[in-house]
Amino acid sequence: MWRYEKRLQYPVKISQTNPKMAQFIMSQYGGPDGEAGAAMRYLSQRYAMPYEKGKAVLTDVGTEELGHWEIIAAIIHQLTRNLTPKEIEESGFGPYYIDHTTGIWPQSAGGVPFNACEFQSKGDPITDLCENLSAEQKARSTYDNILRLVKDPEVCDPIRFLREREIVHFQRFGEALRDVQDHLNCRNFYAFNPAFDQNRENSLAK
Amino acid sequence: MACGCNENTQTSSQNNSLFSQIPQTQQNQQHQQSQPQSCQLARQVYETGFAIDDILLYLDTHPEDTQAMAYYQRLCQLYQNAIQMYEQAYGPLSITQVTGDIWNWIQNPWPWEGGAN
């Protein structure tokens, strides 16, 4: 279950508002490669994971991603405080503001609402972990893109922290994948799906 | 609060690995005589808490690494101390740590507001 610790994993203190940047960073809140997708992905995949290390990694990284989702929200919240109508109109933040004022709502920078098509939970441990390796790289690339456009050090600081965590998560999923492979036949990892083919009668290779 | 200085020194000299490094602010804290500054309390919580978040993931894929376990255990101690001191000054960090006569869990600031901490 989840309890809440009343602090961010990493501090966010932004003194200068910037709704234009908020619009870009929004993608890490509700976009295709953002933290919400990451949390939903890993926390959903863990039920089909047959092995202990995998279950632990999926649970613990998924939980950390919820904390990152919160950090992104804090960044957007602080970037959009006390905006004037002029600032809203001139920054490109207008369309979002019309539907959400300065509330927080998960969508991509381009306006695509967050949805379950942003992630997969395939029910196959090898597939799921490969999906996750890819997801962490996509998140890293997104942070790279953000860092090219954002120059405020108070914003860059937590963004850089989040980017580094993606790299660590990538490493851990690689280790979890290795562990899954260690449980399987080294001559054919794909002989059966260990999450589904409990008895070999279901398996693909007879 | 017990000073863990000796333990830190021993560990550092015995072992140069990554796991012997305790977050720096905590070492400084243990040498201070005066009350730590407010941001120092928050910083210790962030640093020890994050170190635990990080070693936790390592232990998930390396559950039998005894060095990592020892590092984790030292961090938990430091973290417990850090949150105790933080909570005394700023109120509860978790719903099981609400003390006093009123439910001050609800009180501002909340973490996304970028307040003092």
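Modeller: What follows describes the annotated site and then its surroundings.

This is a predicted model, in which local features need pLDDT of at least 70, side-chain atom pairs count only at pLDDT 80 or more, and totals for chains, interfaces and linings use all residues. Residues are numbered from 1 along each chain as its sequence is written, chains are lettered from A and ligands numbered from 1 in the order in which they are written, and side-chain values use heavy atoms, with hydrogens and water left out.

The UniProt record, an unreviewed entry, puts the feature "binding site" at Glu35(A), Glu65(A), His68(A), Glu136(A) and His169(A). UniProt positions are given here in the numbering of this model, feature names are shortened, and annotations may be inferred rather than shown by experiment. The five positions span 135 residues in sequence, yet no two of their C-alpha atoms are more than 13.0 Å apart, so they gather at one spot. Glu65(A) and Glu136(A) from this set also belong to the lining of the largest cavity. A cavity is a set of points, on a 1 Å grid over the protein atoms alone, where a 1.4 Å probe fits but cannot get out; lining residues have an atom within 4 Å of a point.

Glu65(A) lies in helix H4 of chain A. Helices are DSSP runs (H or I, at least four residues), numbered from the N terminus. With 0% relative accessibility, Glu65(A) counts as buried, a word for under 20% relative accessible area (1.4 Å probe, protein chains only).

The side chains of His169(A) and Glu136(A) are joined by a polar contact of 3.4 Å. A polar contact is a pair of N or O atoms within 3.5 Å; within protein, one must be able to donate a hydrogen and the other to accept it, and residues adjacent in sequence count only if both atoms are side-chain atoms.

Methods. On a 1 Å grid over the protein atoms alone, a cavity is a set of points where a 1.4 Å probe fits but cannot get out, and a pocket is an open set with protein on both sides within 12 Å along at least five of seven lines; lining residues have an atom within 4 Å of a point. Helices (H or I, at least four residues) and strands (E, at least two) are DSSP runs, numbered from the N terminus. Buried means under 20% relative accessible area, exposed over 50%, partly exposed in between (1.4 Å probe, protein chains only).
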